[in-house]
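Reader: Hi! Could you walk me through this one while I have it open?
Author: Happy to, let's take a look together.

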Amino acid sequence: MPNKRKSNRELAITGSQLNEDEQILEPGEPDMPGDLGPCEKIVWTETVALLSEANRLTRLDALSLHAYSRSVCQWREAYAALKISGSIQRAGTGAEKMSAQLQVFNTADRTLERWTAQLGMSPKS
């Protein structure tokens, strides 16, 4: 099976030769959406500063950054709730099972991991 062709963004990060037929996007900061909550605004601002400093952000990253900001806040909320409720529940039969809150946390963790990679902030990206 052939390897997936890497984007110019991926090639630029690794210092490899760029694809000649792909348009290069200029670095730039996307506009903050108006529907972000307080936590999401803080995450957005911190992440934009970090990625802008590294020249790894374009105006087209707005949707990914929006989803990333929301995911970080959901992950934090899930983690806080998990610390309170614990990871194990007892079923009516007395058997132990994974708590619903741990399931929510695991889902939030996987989602955050995907958006982190999408924005190039992970060793996987």
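Author: T47 is buried, because its relative accessible area is 6% (buried means under 20%, exposed over 50% and partly exposed in between, with a 1.4 Å probe and protein chains only). Before we go on, this is a predicted model, where local features need pLDDT of at least 70, side-chain atom pairs count only at pLDDT 80 or more, and totals for chains, interfaces and linings use all residues. Residues are numbered from 1 along each chain as its sequence is written, and side-chain values use heavy atoms, with hydrogens and water left out.

Reader: Thanks! Where is T47, and which residues does T47 touch?
Author: T47 sits in helix 2, residues 38-53 (helices are DSSP runs of H or I with at least four residues, strands are E runs of at least two, numbered from the N terminus). Not counting residues up to four places away in sequence, T47 touches L65, Y68 and M121 (contact means heavy atoms within 4.5 Å).

Reader: Switching topic, how many disulfides does the structure hold?
Author: There is one disulfide, formed by C39 and C73 with their sulfur atoms 2.1 Å apart (the cut-off is a pair of cysteine sulfur atoms within 2.5 Å). C39 belongs to helix 2 and C73 to helix 3, residues 62-85, so the pair links distant parts of the chain, 34 residues apart. The link of C39 and C73 is left-handed, with -100 degrees about the S-S bond.

Reader: Is C73 buried or exposed?
Author: C73 counts as buried because its relative accessibility is 3%. C39 is partly exposed, at 30%.

Reader: Which residues make up the largest nonpolar core?
Author: Twelve residues, including V43, W44, V48, L65, Y68 and C73 (a nonpolar core is a set of buried Ala, Val, Leu, Ile, Met, Phe, Trp, Tyr and Cys residues joined through side-chain atoms within 4.5 Å). Helix 2 and helix 3 each supply at least two residues of this core. Apart from this core lies another, of five residues, among them A78, L82, L102 and F105.

Reader: And what does V48 contact?
Author: Leaving aside neighbours within four places in sequence, V48 is in contact with E29, L57 and L65.

Reader: Last one: how do the axes of helix 3 and helix 4 cross?
Author: The axes of helix 3 and helix 4, residues 100-118, come within 8 Å and cross at roughly 155 degrees (axes are lines fitted to C-alpha atoms, for helices over the stretch in contact, and angles run from 0 to 180 degrees between N-to-C directions). That makes helix 3 roughly antiparallel to helix 4 (under 35 degrees is roughly parallel, over 145 roughly antiparallel, 65 to 115 roughly perpendicular and the rest oblique).
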